[in-house]
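Subject: Structure handover

Hello,

Here is the structure for your files. My notes on salt bridges and a surface patch follow below it.

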Amino acid sequence: MILWLLNTLSTFTLGVLLVGGFVALAVIGSLAARRRFPHLAGGEHNEMVGVALGMFGAIYGIILAFVVVTLWTQLENTQTTVATEATDLALVVRSAEAFPAADRARVDRAVGDYVHAVVDIQWPLMRAGHPSYEATAEQTHALYKALQAYEPAGARNETFYGEAAERINDVAAQRRARVTMAETSLPVLLQVLVYGGALVILPLTFLFGLRSLKMQLLFVSAVAALIGFSLLLVMVLDRPFAGELSVSPAPYREGALSQFWEGAA
């Protein structure tokens with residue numbers, strides 16, 4: 001459901017729906033509570049409610065901060081992994097420039113097939129929440145075969161051959177790390193704490209009484225909006241390959257790899 005929302009709606013639209021929904025829920029809940037329990041407006045329970053809000057708010061804030069920092073770090077690590085994989089592929093192409101024409105063409109063809117498989121086949125699967133190692137397994141094997149078919153002659157060629165072989169090994173490692181990151185999401189327990197905590201704190205604000213109805217609604221709306229924005233941030237960061245703020249496959253189209261996209265739509 002979350003993946004569908006991220007891939008279907010813009011972040012702005014999703015924010016309006018989520019924050020607006022929480023604010024509307026807060027306003028309706030607060031009005032219903034005041035109507036059902038008119039004495040709440042007098043604030044006779046404010047001391048007890050204030051202590052409960054402070055305690056739950058502090059615990060929820062710590063949990064939320066931990067989750068956001070963890071997810072932000074995960075997003076940055078994913079971006080680094082993607083950029084590193086693309087860089088390693090570009091270095092393979094650069095190293096292959098020292099090879100004879102036929103061997104260089106074979107390596108370039110293997111690299112081109114790999115980057116197209118990553119962007120055109122594997123990326124949509126990761127975006128949809130169905131990452132697959134098999135999507136690029138054949139192209140990964142072809143990279144090794146293309147390099148293994150070349151027998152370097154001379155110290156110069158051996159140096160560049162060794163560099164290319166090392167980079168292909170790095171590509172394989174980064175590929176596995178990237179797919180693993182696409183499979184990773186917030187643990188169920190943390191999801192319960194984050195989303196369930198919001199449903200605990202918000203109703204508590206209905207019990208905090210203020211004589212002015214406008215001030216009461218402003219108070220609960222502000223808390224609801226803050227919670228809504230926080231949950232939006234968690235949703236967006238939890239899926240690094242989905243939504244508008246997702247990790248881009250652009251590094252596979254840039255630099256030395258851009259030659260494999262010339263003429264592509």
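Glu97 and Arg94 form a salt bridge, with the closest N and O atoms 3.5 Å apart (a salt bridge is a side-chain nitrogen of Lys or Arg within 4 Å of a carboxyl oxygen of Asp or Glu). Glu97 is partly exposed, at a relative accessible area of 47%, and Arg94 is partly exposed at 46% (buried means under 20%, exposed over 50%, partly exposed in between, with a 1.4 Å probe and protein chains only).

This is a predicted model: local features need pLDDT of at least 70, side-chain atom pairs count only at pLDDT 80 or more, and totals for chains, interfaces and linings use all residues. Residues are numbered from 1 along each chain as its sequence is written, and side-chain values use heavy atoms, leaving out hydrogens and water.

The structure holds six salt bridges. One of them joins Arg178 to Glu85, at 2.7 Å between the closest N and O atoms. Arg178 lies in helix α6 (residues 155-183) and Glu85 in helix α3, so the pair ties together parts 93 residues apart in sequence (helices are DSSP runs of H or I, at least four residues, numbered from the N terminus). Both Arg178 and Glu85 are buried.

Arg167 and Asp170 also meet in a salt bridge, at 3.9 Å from N to O. Both lie in helix α6, three residues apart, about one turn of the helix. Asp88, Glu163, Arg167 and Asp170 are linked in a salt-bridge network.

Regards

Terms used:
Helix = DSSP H or I, 4+ residues; strand = E, 2+ residues; numbered from the N terminus.
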